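This report describes the fold of one protein chain for a reader who is new to structural description. Please view the structure below before reading on.

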Amino acid sequence: GRGAGPSPELRQAPPPRSRWETPPKTAELGKAAAVASEFMFAEMGGLFALPDWLPLPSKRRKKWALRYLDDAVRGFIRARRQAGQDQGDLLSMLLLAVDEEGEGGMTDEQVRDEAMTLFMAGHDTTASGLTWIWHALAGHPEIAAEVTAELEQVLGGRRPGFADVARLTFLERVIKEALRVHSPAIGALTRSAVGPVEIGGFHLAKGSPVQMMSFVPPHDLRWFPEPERFDPERFAPGRIEEIPQFAYFPFGGGPWACIGSTFAMAEMTLVVATMLEGLRVELPPGHKPVELVPRRSLRPKGGLPLELSWRT
C-alpha cells in the first residue's frame, strides 16, 4: 500500500552514482591498463627482464593486470557474439569483417588480438594526449577562448560530428602543439638499424634496437624556436612546412607509423570540442608545475587536477 514504505529491494539498493563517477568495472580496466603499461615500458627499456614465474609482488601485479584485460576483452567478444547485433563500433567491425571474397571472418582469438591492440594502443596514449591538451587549454585561457570561438562559429551550438573535424582547424593546431610539448607515446617507438651507423659518437651495429624518443626533437632549438612556449601557430599553413621531417613524430613515422593516427586525432578533436562547448577548464589556485612521469605514455605525476565550471 501507499503507506508501507519502500520495498526491501529499494531499501537494499545502493544510492545512485553521480553521472561523473567512474563505474567500478571501468575503474578496474583503467587500473589494469595502467599496470600493464608500466611493465611494458620498464621491460622494453631495461637491459633485461626478470622471469614472470618469480614469486614477487610485482610479478603478481603484472599477471593480474594481463589476466584481467584478457578476461574483459574476451567477455566483450563473447557477449557481442551472443547478441548478434551490429552496434556500429570497432568491435562490431572486427566481428563482421570478411575477406575480399566475402567469406571467412575472424576467429574469436584473432578478434581478441586485434581488440587488445586497439584497446591498449588507443587507450593509454590517447588518454595521455587528452590530459596534456586540457593542461594546455587550462594554462592558456586566451587560447581556450579562441578555440571556443571557433566551436561557436563552426558548430553553432550543435554537437560536433566527424564531418566537423576537418573544419576545426585552430583546434587541430592546438592539439598538435600540445602533442609537441608533451609527446604522449614517449617510449613506444623502437626501430632496428638497417646497417652500421654512428649517432652522437655511438657506433651501432646492424640490427641494433634504437628507441626513438618522440619527446626530444620537438624541444630542440634547431627545429623549434622557444620550444617551451605554447604556440599553436607553429602548425599553421606556411609554417608547418618549415618543420623538418622527423623533428616532430608523435605517431612515429615511415612505413611503421601508427595506423590509428587519423582515428586518434579525430577522437581527441571530438572529445575536446564536445566538452569545451559547455565547460570552462582552469588550473586550480596555487597549482604547482607538473612533474613528468615517463611510462609507455607520458603522464603527470599524481594526475592533473583541474577546475571545471559550466559556461553560460
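Which residues meet where α5 and α6 are in contact? From α5 come L137, A138 and G139, and from α6 come P141, I143, A144 and V147. A contact means heavy atoms within 4.5 Å.

## Basis of the model

Residues are numbered from 1 along each chain as its sequence is written, and side-chain values use heavy atoms, with hydrogens and water left out. The model is predicted: local features need pLDDT of at least 70, side-chain atom pairs count only at pLDDT 80 or more, and totals for chains, interfaces and linings use all residues.

## Overall composition

The protein chain has eight helices and eight strands. Helices (H or I, at least four residues) and strands (E, at least two) are DSSP runs, numbered from the N terminus. Of the 312 residues in the protein chain, 34% are buried. Buried means under 20% relative accessible area, exposed over 50%, and partly exposed in between, with a 1.4 Å probe and protein chains only.

Among contacts between residues at least 6 apart in sequence, 67% join residues at least 24 apart.

## The nonpolar cores

A nonpolar core is a set of buried Ala, Val, Leu, Ile, Met, Phe, Trp, Tyr and Cys residues joined through side-chain atoms within 4.5 Å. The largest one has 33 residues, and I133, L137, V147 and M268 have the most contacts inside it. The largest share, seven residues, is supplied by α7. Apart from this core lies another, of 18 residues, among them V35, I77, V111 and M120.

Leaving aside residues up to four places away in sequence, L137 touches I143, A144, V147, V174, V272, L276 and V281. In soluble globular proteins, nonpolar side chains tend to be buried together.

## Residues in loops

Beyond four places in sequence, S297 touches S37, D124, T125, S128, P184 and I186.

Most residues other than glycine have a negative phi. E226, in the loop between β4 (209-211) and α8 (261-278), has a positive phi near 45 degrees. F246 is found in the loop between β4 and α8, with a positive phi of about 70 degrees. E226 counts as partly exposed at 48% relative accessibility, and F246 counts as partly exposed at 45%.

## Confidence

The predictor's confidence in each residue is given by pLDDT, from 0 to 100. The protein chain has a mean pLDDT of 85, and 88% of its residues reach 70 or more. Among its elements, α7 has the highest mean pLDDT (98) and helix α1 (residues 8-12) the lowest (36).

Over residues 1-20, pLDDT stays under 50, and the model has four contacts beyond four places in sequence for them. Where pLDDT is low, the predicted coordinates should not be read in detail.
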